[in-house]
Amino acid sequence: ADLLVLNGPNLNLLGTREPRHYGTDTLAVIEGRLAALAADIGHSIAFLQSNAEHELIARIHEAATDGTRAIIFNPAAFTHTSVALRDALGAIGLPFIEVHLSNIHAREPFRNRSYFSDIAAGTISGLGALGYELALMAAISYLQPR
Ligand code: DQA
């Protein structure tokens, strides 16, 4: 797949998890929409959600050699903690877009800092599940500059 969508811890619970922050769409519904959108515009897309930092790191390493050209990543709580995931993305050097369902700047102070934003191609935060679709559009135009 040329596009990879990664989701971090607790995002498997979307749909029922704190809907006032994260909405009511399940991750399966979000991924289904992204798959349809990608197919419509002739791109292949792969998905991984994991609650384990090492699994996300391993998948990022794989992306370096499996044909992935851009990554859409919601690191979830690892946003605010993980130098290791940041370094994995730095190591492979593929462009990635950071996505958050909620506006991380409008919540607890510990969510204001991201280990990813300064090395991301761009960030989307606070637009709910739509943020993933916007990120997909952005990733594709990033790959095919006009
Ligand atoms: C999140 C925001 C994070 O602060 C939080 O830990 C999450 C989800 C979001 O999508 O809004 O798990 O990344």
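Two residues are in contact if their C-beta atoms, placed from the backbone, lie within 7 Å. Keep that rule at hand for this tour.

The model is predicted: local features need pLDDT of at least 70, side-chain atom pairs count only at pLDDT 80 or more, and totals for chains, interfaces and linings use all residues. Residue numbers start from 1 along each chain, as its sequence is written.

**Stop 1: His100**

Select His100. Its place is in strand β4, residues 96-100. Strands (E, at least two residues) and helices (H or I, at least four) are DSSP runs, numbered from the N terminus. Leaving aside neighbours within four places in sequence, His100 is in contact with Asn74 and Ser125.

Is His100 buried or exposed? It counts as buried, because 24 C-beta neighbours lie inside 10 Å. The scale works like this: 20 or more other C-beta atoms within 10 Å of a residue's own means buried, 12 or fewer means exposed, and in between is partly exposed, with C-beta atoms placed from the backbone.

**Stop 2: Tyr22**

An unreviewed UniProt entry places the feature "active site" at Tyr22 and His100. They are spread over 79 residues of sequence, yet they cluster in space, with a largest C-alpha distance of 8.9 Å. UniProt positions are given here in the numbering of this model, feature names are shortened, and annotations may be inferred rather than shown by experiment.

Tyr22 lies in helix α1, residues 19-22. It is buried, because 20 other C-beta atoms lie within 10 Å. Beyond four places in sequence, Tyr22 is in contact with Leu14, Arg17, Leu101 and Ser102.

**Stop 3: Ser102**

Move on to Ser102, in the loop between β4 and β5. It is partly exposed, because it has 18 other C-beta atoms within 10 Å. Not counting residues up to four places away in sequence, Ser102 touches His21, Tyr22, Arg107 and Gly126.

**Stop 4: the ligand**

Now select the ligand. Which residues surround it? They are Asn10, Asn74, Ala76, Ala77, Thr79, His100, Leu101, Ser102, Ile104 and Arg111. A residue is near a molecule if its C-beta atom, placed from the backbone, lies within 6 Å of it.

Colour this shell by type: four residues are nonpolar, five polar and one charged. Here Ala, Val, Leu, Ile, Met, Phe, Trp, Tyr, Cys and Pro count as nonpolar, Asp, Glu, Lys and Arg as charged, and the others, Gly among them, as polar.

**Stop 5: the sheet**

Show the strands. Five of them form an open sheet in the order β2-β1-β3-β4-β5, with parallel pairing. Two strands pair if DSSP finds at least two bridges between them. The edge strands are β2 (45-49) and β5 (122-125), and each pairs on one side only. Strand β3 (residues 70-74) runs parallel to β4, joined by three bridges. Zoom in on Phe73: it stands opposite Glu98 in β4.

Helix α2 (residues 27-40) packs on the sheet and touches β1 (3-7) and β2.

**Stop 6**

The unreviewed UniProt entry gives "binding site" at Asn74, His80, Asp87, Leu101, Ser102 and Arg111. They are spread over 38 residues of sequence and also spread in space, up to 24.1 Å between C-alpha atoms.

Pick out Asp87, in helix α4 (residues 83-92). It counts as partly exposed, because it has 13 C-beta neighbours inside 10 Å. Val83 is in helix α4 too. With 10 C-beta neighbours inside 10 Å, Val83 counts as exposed.

Note on methods
Axes are lines fitted to C-alpha atoms, for helices over the stretch in contact, and angles run from 0 to 180 degrees between N-to-C directions.
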